[in-house]
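This report goes through selected local features of one protein chain. Please keep the sequence and the structure open while reading.

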Amino acid sequence: MYKGHSITVIIPCLDEELGIARVLERMPAFVDQVIVVDNGSTDHTADVARSFGAHVIQEGVRGYGRAYKRGFQEATGDVIVTLDGDHSYPVDGISYLLEAYLHLQADFLNASRFPVQDPTGMSWKHRIGNLILSLTLSVLFLRWVSDSQSGMWVFARRILPGMKLESDGMAFSEEIKIEALRNRQIRFREIIINYSSRLGEVKLQPWRDGFRNLAFLFKKRFAR
């Protein structure tokens with residue numbers, strides 16, 4: 001419980017046994033519910049997560065968005081916080097984000113990784129790709145978003161039923177922000193966080209995922 005709000009943290013994982021241990025050992029005590037969505041791991045991710053007391057859910061159908069949508073079904077907190085299981089997002093910054101969320105009276109707070117503080121945290125190829133996708137989203141939906149691909153968000157669970165979330169893949173990250181931006185009843189805000197290099201194998205395929213996410217933005221904007 002944080003200042004009268006129950007908190008759920010959701011972490012999608014695919015073979016993150018090294019990173020998830022580092023994440024969960026730093027999880028703040030005020031977090032009421034930690035959900036780890038195991039998206040078909042072949043290592044000991046699920047066992048490690050359970051050893052730290054996390055509620056582990058198995059989602060056999062692969063996909064970043066698919067894992068999150070499964071996790072949302074089990075969330076009970078008033079406020080949901082998301083992050084990856086590779087220890088690239090600041091677990092010890094959750095209280096900082098919650099303070100900003102409350103102070104800004106936000107309904108959806110996006111944790112922006114830009115400008116990147118740690119030069120080893122993101123390659124130039126990924127930085128340029130993120131810039132292109134964020135600029136495209138901002139132009140198409142007429143609202144500046146500095147990091148459309150960030151995987152760390154803080155939002156009120158009550159806004160989920162009003163969102164039309166279709167993507168099962170990496171485009172889910174930009175889709176949930178678009179849904180928040182489109183709804184005038186949802187107060188969307190951004191705040192800068194520190195982002196560091198991940199632990200474990202990189203799952204993202206820059207060219208493939210980048211073009212898919214770009215195509216998804218146009219589909220989301222113009223498809224009926």
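## Basis

The structure is a predicted model. Residue numbers start from 1 and follow the chain as its sequence is written.

## Helices α3 and α6

Two packed helices are described by the angle between their axes and the distance between the axes. Helix α3 covers residues 64–74 and helix α6 covers residues 172–182; they pack at an angle of about 55 degrees, and their axes are 9 Å apart. That angle makes α3 oblique to α6.

On the α3 side, the contact is made by Tyr 64, Gly 65, Tyr 68, Lys 69 and Phe 72. On the α6 side, Phe 172, Ser 173 and Ile 176 take part. By type, the residues of this contact are five nonpolar, two polar and one charged.

## The nonpolar core

The largest nonpolar core has 70 residues. Ile 11, Met 27, Phe 72 and Phe 108 are the residues with the most contacts inside this core. Phe 72 also belongs to the contact of α3 with α6.

Setting aside residues up to four places away in sequence, Phe 108 touches Trp 153, Val 154, Phe 155, Ile 159, Met 163, Ile 176, Lys 177, Ala 180, Ile 186, Arg 187, Phe 188 and Arg 189. One of these, Ile 176, is also in the contact of α6 with α3.

Gly 19, Ile 20, Ala 21, Val 23 and Leu 24 are the buried residues listed for α1. The buried residues of α1 pack against β1 (7–13), β2 and α2 (45–51).

Ala 29 sits in the loop between α1 (17–24) and β2 (33–38). Ala 29 has a relative accessible area of 82% and is therefore exposed. Between the C-alpha atoms of Ala 29 and Tyr 2, which are 27 residues apart along the chain, the separation is 9.8 Å.

## Two aspartates between β4 and α4

Is Asp 84 buried or exposed? Asp 84 lies in the loop between β4 (79–82) and α4 (94–103). Its relative accessibility is 17%, so Asp 84 counts as buried. The side chain of Asp 84 forms a polar contact of 3.4 Å with the side chain of Tyr 64. With neighbours within four places in sequence left aside, Asp 84 is in contact with Ile 11, Pro 12, Val 23, Tyr 64, Tyr 68, Tyr 89 and Gly 151. Tyr 64 and Tyr 68 are also among the α3 residues that make the contact with α6.

Asp 86 is also placed in the loop between β4 and α4. Asp 86 counts as buried, at 4% relative accessibility. Which side chain makes a polar contact with the side chain of Asp 86? That partner is Ser 88, at 2.6 Å.

## Residues with positive phi

Lys 3 is not a glycine, yet it has a positive phi of about 50 degrees. Lys 3 is located in the segment before β1. With 58% relative accessibility, Lys 3 counts as exposed.

Gln 105, another residue other than glycine, has a positive phi near 55 degrees. Gln 105 is in the loop between α4 and β5 (108–112). The relative accessible area of Gln 105 is 53%, so this residue is exposed.

Asn 213 is part of helix α7, residues 206–222. Its relative accessibility is 6%, so Asn 213 counts as buried. Apart from neighbours within four places in sequence, Asn 213 is in contact with Leu 133, Gln 149, Met 170, Ala 171 and Glu 174. A polar contact of 2.9 Å links the side chains of Asn 213 and Gln 149. The Asn 213 side chain also reaches the backbone nitrogen of Ala 171, at 3.3 Å.

Arg 157 is 56 residues from Asn 213 along the chain, and their C-alpha atoms are separated by 25 Å. Arg 157 lies in the loop between β6 (153–156) and α6. Arg 157 is partly exposed, with a relative accessible area of 32%. Not counting residues up to four places away in sequence, Arg 157 touches Ala 75, Thr 76, Gly 77, Asp 78 and Ile 80.

Key
Predicted model: local features only at pLDDT ≥ 70, side-chain atom pairs only at ≥ 80, totals over all residues. Heavy atoms only, no water. Axes fitted to C-alpha atoms, helices over the stretch in contact; angles between N-to-C directions. Helix = DSSP H or I, 4+ residues; strand = E, 2+ residues; numbered from the N terminus. Parallel < 35°, antiparallel > 145°, perpendicular 65-115°, else oblique. Contact = heavy atoms within 4.5 Å. Nonpolar A, V, L, I, M, F, W, Y, C, P; charged D, E, K, R; others polar. Core = buried A, V, L, I, M, F, W, Y, C linked by side-chain atoms within 4.5 Å. Buried < 20%, exposed > 50% of the residue type's maximum accessible area, 1.4 Å probe, protein only. Polar contact = N/O pair within 3.5 Å; in protein donor to acceptor, adjacent residues only side chain to side chain.
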